[in-house]
Amino acid sequence: MDVERVGKPGFNQRLLALIHLTPGMAGFFIFIVVPLIASLVISLYNWPLYGEREFVGLQNYVQLLSGADPVFFKVLGNTAIFAIGYTIANLVICTGIAVWLHSLPEWGGFFRILFFIPVVTPMVANALVWRLMLQDNGLVNTLLGGVGITGPSWLGDGNWALVSLVMMSLWQGVGYNIVVLAAGLNNINPSVMEAARIDGTNAWNRFWRVTFPMLSPSLFFASVMTVIGGFKVFTQPYMLTKGGPGDSTNTIVLYLYRAGFSYDRLGFASSMAWILFVIIMLFTALQFLGQKKWVSYDA
């Protein structure tokens with residue numbers, strides 16, 4: 001048998017592979033690459049939905065980054081606070097629930113499905129339900145009043161409105177990371193945990209010395225995806241608070257949406273989208289650099 005001939009694909013094999021790859025690559029080029037290039041070009045223009053377009057170079061970026069637009073840094077701060085707070089709360093809650101469900105072999109699957117249901121339900125409908133619940137005379141304040149607690153104005157106070165966004169987002173999104181972490185826990189060899197029990201370790205030490213290192217790759221993946229999702233938050237503030245009161249819950253994606261389609265400034269909105277892209281890339285790069293210190297792939 002000619003080993004060299006077997007090891008190298010022939011022309012027909014390469015052609016067949018090209019035919020199979022063409023639909024996916026065409027879709028990627030048409031729906032990803034072309035819009036990316038187009039948005040970069042648009043960001044260099046004063047580009048209204050209708051009317052004449054004027055080339056302005058980097059003026060849109062300068063206006064945003066120089067502070068000439070006072071709202072941008074406000075919405076950027078709101079987005080960062082939401083993304084970081086949501087990510088930390090999400091990972092802590094999901095890790096606790098996933099570990100707890102892992103200890104329930106009979107009911108764990110049922111509860112994982114229960115927690116995952118909000119992930120696949122329409123976010124717009126969920127936001128409307130939460131808006132009704134969090135009104136001043138809504139269900140939440142009614143229940144709090146029943147136990148003698150005066151509930152805050154969840155959607156009328158800027159600080160509480162941001163907390164409300166985080167709570168609603170946690171309810172909507174924790175199920176996804178629970179499934180991810182549950183898969184990581186299932187890959188841990190039970191004999192390792194049994195050996196740790198025989199050595200006399202308690203549950204807390206077993207988690208930090210055995211479970212956490214072996215679960216760290218799944219936690220790293222969950223953290224990266226959650227941070228990216230947190231910076232791209234749009235539906236929750238749009239449906240729950242409309243970005244208010246004031247600009248206290250206005251996020252960068254909501255602001256760029258309004259800039260493009262309400263204020264007719266597509267170039268300005270595209271420049272914000274590219275700044276957001278760079279910020280997300282920087283946060284992701286920092287996470288990949290930081291993983292070397294706490295993520296273990298040796299298990």
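**Nonpolar residues, inside and outside**

Setting aside neighbours within four places in sequence, Val210 is in contact with Val192, Met193, Ala196 and Asn205. The model is a predicted one. Val210 belongs to helix α10, which covers residues 203–231. Its C-alpha atom lies 7.8 Å from that of Ala196, a residue 14 positions away along the chain. Val210 has a relative accessible area of 14%, so it counts as buried, the limit being under 20%.

In soluble globular proteins, nonpolar side chains tend to be buried together. Here the largest nonpolar core has 30 residues, and those with the most contacts inside it are Phe82, Leu134, Ile178, Leu181 and Leu240. Two or more residues each come from α4 (70–102), α6 (123–133), α8 (158–186), α9 (190–198), α10 and α11 (235–240). Helix α8 gives the largest share, nine residues.

Leu181 shows what such a position touches: beyond residues up to four places away in sequence, its partners are Cys94, Thr95, Ala98, Leu215, Ser218 and Leu219.

Other nonpolar residues are on the surface. Leu21, Met25, Phe28, Phe29, Ile30, Phe31, Ile32, Val34, Leu36, Ile37 and Val41 form a nonpolar patch there, with about 1100 Å² of accessible area together. One of them, Val34, sits in helix α2 (residues 11–42). Is Val34 buried or partly exposed? Its relative accessible area is 38%, so Val34 is partly exposed, whereas Val210 is buried at 14%.

Methods. Residues are numbered from 1 along each chain as its sequence is written. This is a predicted model: local features need pLDDT of at least 70, side-chain atom pairs count only at pLDDT 80 or more; totals for chains, interfaces and linings use all residues. Side-chain values use heavy atoms; hydrogens and water are left out. Patches are made of residues with over 30% relative accessible area and no salt bridge: like charges are joined within 9 Å, nonpolar side chains (Val, Leu, Ile, Met, Phe, Trp, Tyr) within 5 Å. Accessible areas come from the Shrake-Rupley method with a 1.4 Å probe; for residues, only the protein chains shown count as cover. A salt bridge is a side-chain nitrogen of Lys or Arg within 4 Å of a carboxyl oxygen of Asp or Glu. Helices (H or I, at least four residues) and strands (E, at least two) are DSSP runs, numbered from the N terminus. Buried means under 20% relative accessible area, exposed over 50%, partly exposed in between (1.4 Å probe, protein chains only). Contact means heavy atoms within 4.5 Å. A nonpolar core is a set of buried Ala, Val, Leu, Ile, Met, Phe, Trp, Tyr and Cys residues joined through side-chain atoms within 4.5 Å.
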